[in-house]
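Please read it alongside the sequence and the model shown here.

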Amino acid sequence: MAASDQQQSSSPAPTPTMLVPIPTDEEMLQAQAHLWRHTLSYLTPMALRCAINLRIPTAIHRAGGQSTLPDLITSLSLPSSKLPFLRRLMRLLVSSNIFSQSSDSEEDEIVYRLAPISFLLVDGDNNVVDGHISQTPHVLAATSRYCLDTVSGLATWLTTEEEFPISTTPFESAHGVAPEGVGRLDPEMGRLFEEGLRVYDASGFAVVLRECRGVFEGVGSLTDCGGGGEGDRRRVPGDQGRRSDGVVEYVAGDMFEFVPPAQAVMLKLMMHHWSDDDCVKILAQCKKAIPTREEGGKVIIIDIVVGSVSGPMLESQILMDVAVMMVTKGRQRDENDWRDIFMKAGFNDYKIVKKLGPRCLIEVYP
Ligand SMILES: C[S@@+](CC[C@H](N)C(=O)[O-])C[C@H]1O[C@@H](n2cnc3c(N)ncnc32)[C@H](O)[C@@H]1O
């Protein structure tokens, strides 16, 4: 007897289990499909990894932006017996919008094209193609066995007793080192992780300037805190950590102790790496570095604001939160989380100025 019939024909006092809604046949069939999708969706990033290892995006780019399957088999030097299998791999990648294809052709005549996602995976000189940095190192690092082993060990990590704030990330628990230390275990993988961290976000500063010009108008001086370049505290040798090319002054140092004074301080893709307490400490140093609001003082944060977007873009924000949970003590924050941190660091006001895809630009005022 179906659950709904049981409830109508007799009237026993409802027990907690009877309150569990039993799906209809239609819901069950849909759930089956979604469960397959969720269970098997790891195949998509692994197929993407395979496409990068074969250098399919680069091959299509070199062929002028489009290739048939036989063209790909030739340019990638694959055995022709593998053509039907490559076609199935490409179908998955097309259905995930990683490549696009002409729709009305016979199988062998299908023309595959670069889509914006695969455009970001074309390798070039110094990893730059048509002004875009190739994201292949990030995809290869994020789908490496180091990251897969980390998430496989998540249940063990979650059941391990630990005081809050936690001292060991799931990555450290699985491998005994942070991602920055992978080079000690595996030098080649260490280089890939370093490169992956450097390129993981396509929005270079040029994109930010183009999209948010007004934010930087009237800013006489700017400290790019954690800019990563030559001012990086880990990369500048002991030369008092200062160097200037006349326009940019590179200053090495620890932002927890000192932030070089300027009219504005920028923290681009920095804060999600740190715990709330650490963010408050970093912002307190930034506050010391800038003048009053009336004098144009502000902190410019570029980072995710969870919930600023919806649909697949929101999903990317939530995935990024779990991704940083694996490797850092930080997190991705929603607007309330950000507000709490700003107020605790002694700031008075903030404005979310602009969406930059899944990220936002936030102006924070003293
Ligand atoms: C994810 S990268 C962000 C780089 C850059 N802001 C960008 O938008 O691409 C984080 C940077 O923070 C730097 N960093 C880490 N700890 C730091 C500290 N205590 N003081 C200053 N910089 C630090 C790292 O070396 C790295 O360059």
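## An open sheet of three strands

Three strands, in the order β1-β3-β2, form an open sheet with antiparallel pairing. The edges of this sheet are β1 (66-68) and β2 (99-101), each of which pairs on one side only, and from one strand to the next the twist averages 30 degrees. The structure is a predicted model, in which local features need pLDDT of at least 70 and side-chain atom pairs count only at pLDDT 80 or more, whereas totals for chains, interfaces and linings use all residues. Residues are numbered from 1 along each chain as its sequence is written, and side-chain values use heavy atoms, with hydrogens and water left out.

Helices (H or I, at least four residues) and strands (E, at least two) are DSSP runs numbered from the N terminus, and two strands pair if DSSP finds at least two bridges between them. Between β2 and strand β3 (residues 111-114) there are three bridges in the antiparallel sense, and S100 stands opposite R113 in β3. Helix α6 (residues 83-95) lies across β2 and β3 and runs at about 105 degrees to β2; here axes are lines fitted to C-alpha atoms, for helices over the stretch in contact, and angles run from 0 to 180 degrees between N-to-C directions.

## The chain as a whole

The chain contains 18 helices and 13 strands. Of its 366 residues, 36% count as buried, where buried means under 20% relative accessible area, exposed over 50%, and partly exposed in between (1.4 Å probe, protein chains only). Among the contacts in the chain with a separation of 6 or more, 61% come from residues 24 or more positions apart, a contact being heavy atoms within 4.5 Å. The chain exposes about 21300 Å², of which carbon and sulfur atoms supply 55%.

The mean pLDDT of the chain is 88, with 86% of the residues at 70 or more; pLDDT is the predictor's confidence in each residue, from 0 to 100. Over residues 1-7 the pLDDT is below 50, and this stretch has four contacts in the model beyond near neighbours in sequence. Residues 230-240 also have pLDDT under 50, and for them the model has 15 contacts beyond four places in sequence. Where pLDDT is low, the predicted coordinates should not be read in detail.

## Two helices and their packing

The expected span of a helix is 1.5 Å times one less than its number of residues, and the table sets this value beside the distance between the end C-alpha atoms.

| Helix | Residues in helix | Expected span | End C-alpha distance |
|---|---|---|---|
| α17 (residues 312-327) | 16 residues | 22 Å | 23 Å |

In α13 the buried residues are M189, G190, F193, G196 and V199, and they pack against β5 (132-133), α8 (136-142), α9 (145-152), α11 (170-175) and α12 (182-185). In α17 the buried residues are Q317, V324 and M326, which pack against α9, α10 (154-159), α11 and β10 (298-306).

## A hairpin

Strand β12 (residues 349-356) and strand β13 (residues 359-365) are joined by seven bridges in the antiparallel sense, and V364 in β13 is the bridge partner of Y350. Two residues lie between the strands of this hairpin, in which G357 takes a positive phi near 65 degrees.

## Backbone geometry in the loops

Most residues other than glycine have a negative phi, and most peptide bonds are trans. N97, in the loop between α6 and β2, has a positive phi near 65 degrees although not a glycine, and N97 counts as exposed because its relative accessibility is 54%. L269 likewise is not a glycine and has a positive phi of about 55 degrees; L269 lies in the loop between β9 (264-268) and α16 (276-289) and is buried, with a relative accessible area of 15%. A cis peptide bond, with omega about 0 degrees, joins F164 and P165, and P165 is placed in the loop between α10 and α11.

Methods
Areas by Shrake-Rupley, 256 points an atom, 1.4 Å probe, with all protein chains shown as cover.
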